[in-house]
Amino acid sequence: MANHPVIHFEIGCHDGEKTRDFFAQLFGWEISGRDAGMVIGTGSAKDLSGHIVELAPEWGNYVTIYVEVEDLEAYLKKANELGGKTLVPPVTLPGQGSFAWLAAPEGNIIGIWQPE
């Protein structure tokens with residue numbers, strides 16, 4: 001079995017403060033930071049990191065997961081061969097790694113992550 005764990009989740013919205021307050025009150029999550037850098041602590045012993053990000057209206061509201069891979073380009077190529085498509089090509093976060101977004105054939109969007 002392949003070892004490609006889900007390592008992160010992201011909640012995209014237009015009103016970060018409203019979204020942060022909703023989830024903090026609903027689940028008791030500790031959400032720190034502001035704007036595109038709100039980080040979520042869910043309180044689980046096996047805490048899966050997450051964040052809330054405010055994006056341009058064309059992205060809409062969404063929730064997505066990130067799967068860790070060894071080679072972003074190889075997985076984007078494979079996704080395209082399987083009928084998916086690249087939505088966001090690799091973006092490097094200095095000192096951390098790189099991510100990309102892809103869409104599955106029916107439109108589900110996920111992120112893939114390659115640690116540095």
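Predicted model: local features only at pLDDT ≥ 70, side-chain atom pairs only at ≥ 80, totals over all residues.
Residues are numbered from 1 along each chain as its sequence is written, and side-chain values use heavy atoms, with hydrogens and water left out.

Overall, the protein chain has 2 helices and 8 strands, laid out along the sequence as β-α-β-β-β-β-α-β-β-β. Helices (H or I, at least four residues) and strands (E, at least two) are DSSP runs, numbered from the N terminus. Of the 116 residues, 33% count as buried; buried here means under 20% relative accessible area, exposed means over 50%, and partly exposed is in between (1.4 Å probe, protein chains only). The accessible surface of the chain comes to about 7,300 Å², with 55% of that belonging to carbon and sulfur atoms (Shrake-Rupley method, 1.4 Å probe; for residues, only the protein chains shown count as cover). As for contacts (heavy atoms within 4.5 Å), residues 24 or more positions apart make up 50% of those with a separation of 6 or more.

Back to α2, which spans residues 72-81 and has L72, L76 and A79 buried. These cover an arc of only 60° around the axis, so they sit on the same side of α2; the arc is that of the directions from the helix axis to the C-beta atoms. An α-helix has 3.6 residues a turn, so residues three or four places apart point the same way. The buried residues of α2 pack against β6 (85-93), β7 and β8 (109-115). D71 caps the N-terminal end, with a side-chain oxygen 3.1 Å from the backbone nitrogen of E73. That pair falls under the polar contact rule: N or O atoms within 3.5 Å, where within protein one must be able to donate a hydrogen and the other to accept it, and residues adjacent in sequence count only if both atoms are side-chain atoms. Just past the helix, G83 takes a positive phi of about 100°.

In strand β7 (residues 97-103) sits G97, buried at a relative accessible area of 5%. Leaving aside residues up to four places away in sequence, G97 touches V91, T92, W113, Q114, P115 and E116. G97 and P115 are 18 residues apart in sequence, yet their C-alpha atoms are 4.1 Å apart.

The other helix, α1, runs over residues 16-27 and reaches 16 Å from first C-alpha to last, close to the 16 Å expected at 1.5 Å a residue (1.5 Å times one less than the number of residues). G16, T19, R20 and F23 are its buried residues. Their arc is only 100° around the axis, which puts them on the same side of α1. The face turned away from that side carries the exposed K18 and Q25. At the start of α1, a side-chain oxygen of D15 comes within 3.4 Å of the backbone nitrogen of E17, and just after the helix G28 has a positive phi of about 75°.

A search of the whole structure turns up 1 salt bridge (a side-chain nitrogen of Lys or Arg within 4 Å of a carboxyl oxygen of Asp or Glu). D21 forms a salt bridge with R20, their closest N and O atoms being 3.4 Å apart. R20 is buried at 11% relative accessibility, whereas D21 is partly exposed at 32%.
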